Amino acid sequence: MMRIVKIILAAVVAICLIAVAGVYVLSEMRLSRTYDVAAADFTVKTTLSAEEAERRARTLMCGGCHHDAGYVLLDEPGVGRIVAPNLTRFAPMYSDAELVRLIRHGVKKDGTGAVIMPASNFANISDDDMAAIITWLRSLKQLPDAVEGTTQWGPLGRIGLALDKIPFEADLPAVITPAATRPADIGEYAFKTGCGHCHNLDTAKQSEAFLAPALKPLAQSYSAVDFKTLLRTGKGVGGRDLGVMTEVSQWDFSHFTDVEIEQIQTYLARRP
């Protein structure tokens, strides 16, 4: 009887080890998948001042994820630790064309996909704003990494990768038809390039990390003063801390001008 029990236990252990090895192999295959997207030539041509180039880059959410020198976007036991890299170190490793491919397609220098990078939104960034982003990135003084280590996957994250349940925006079919210049009225543009990554207009949107409210009723419920406070400070009515929104607003949305904030609220609130 004991011999049978030992055989069963050995078989169970062997099956578990095979399963673990299978998950690891499949997850590594998913992480190493490459995308056949060419790094098309892009001419960085801008008449913007260095200050305006940085302001525009900030309004397009570069700082909210990467901060000054890298940031931990997700740290969940069992799932993993996702780190937005230090742009002051990584940007010099990329050519201008490779940066454009990364931003608009979510494809890294080695051809693999970037996790979380909102390329489907950034595909709508105008050419002059793309030039502003690259100009700003090239102006950054190299800083030491603000966080230690790089992205690491836990067992649950590995299972998600193995089952192809972790979203890579490089998988999404991208229709790249950016305008040459940033529109004078940026209401719709701001939604398409930024807000739409987390929010829907008419319904709440569930992401892996949080539930984001619908923007149309939110914009309608806020006064102009309160909406401006929201984008400047990330604080809701009554000074409520809004988590991710608070952080992104303080790093990025605070760089919108008063007129731009009015345009954004008008688009969100009046959309049919």
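Student: In this predicted model, what describes the packing of helix 5 (residues 96-105) against helix 7 (residues 127-139)?

Tutor: The axes of helix 5 and helix 7 come within 11 Å and cross at roughly 120°. Two packed helices are described by the angle between their axes and the distance between the axes. The crossing of helix 5 and helix 7 is right-handed.

Student: Which residues make the contact between helix 5 and helix 7?

Tutor: From helix 5 come Asp96, Leu99, Val100, Ile103 and Arg104, and from helix 7 come Asp127, Met130, Ile133, Ile134, Leu137 and Arg138. Contact here requires heavy atoms within 4.5 Å.

Student: How do the residues of this contact divide by class?

Tutor: Seven residues of the contact are nonpolar, none is polar and four are charged. Leu, Val, Ile and Met count as nonpolar, whereas Asp and Arg count as charged.

Student: Why is Val79 called partly exposed?

Tutor: The relative accessibility of Val79 is 28%. Buried means under 20% and exposed means over 50%, with partly exposed in between. Val79 therefore counts as partly exposed at 28%.

Student: Where is Val79 found, and what is it in contact with?

Tutor: Val79 is in the loop between strand 1 (71-76) and strand 2 (80-84). Leaving aside neighbours within four places in sequence, Val79 is in contact with Leu74, Trp153, Gly154, Leu156 and Gly157. Gly111 is 32 residues from Val79 along the chain, and the C-alpha atoms of the two are separated by 24 Å.

Student: What makes the largest cavity a cavity, and how much space lies in it?

Tutor: A cavity is a set of points where a 1.4 Å probe fits but cannot get out. A search of the whole structure finds one cavity of 30 Å³ or more, and about 70 Å³ of space lies in the largest cavity.

Student: Which residues line the largest cavity?

Tutor: Among them are Thr59, Leu60, Met61, Arg182, Ile186, Phe253 and Phe256. Helix 9 (residues 187-193) gives the largest share of the lining, three residues. By class, eight lining residues are nonpolar, three are polar and one is charged.

Student: What makes the second largest pocket a pocket, and what is its volume?

Tutor: A pocket, unlike a cavity, is an open set of points. The second largest pocket has a volume of about 220 Å³. Its lining has 12 residues, of which Asn124, Thr177, Ala179, Tyr189 and Lys192 lie nearest its centre. Six of the lining residues are nonpolar, three are polar and three are charged.

Methods:
Residues are numbered from 1 along each chain as its sequence is written. This is a predicted model: local features need pLDDT of at least 70, side-chain atom pairs count only at pLDDT 80 or more; totals for chains, interfaces and linings use all residues. Side-chain values use heavy atoms; hydrogens and water are left out. Axes are lines fitted to C-alpha atoms, for helices over the stretch in contact, and angles run from 0 to 180 degrees between N-to-C directions. Helices (H or I, at least four residues) and strands (E, at least two) are DSSP runs, numbered from the N terminus. A crossing is left-handed if the near helix is turned anticlockwise from the far one by less than a right angle, and right-handed if clockwise. Buried means under 20% relative accessible area, exposed over 50%, partly exposed in between (1.4 Å probe, protein chains only). On a 1 Å grid over the protein atoms alone, a cavity is a set of points where a 1.4 Å probe fits but cannot get out, and a pocket is an open set with protein on both sides within 12 Å along at least five of seven lines; lining residues have an atom within 4 Å of a point. Grid points are joined across faces, edges and corners, and a volume is the space filled by probe spheres set on the points.
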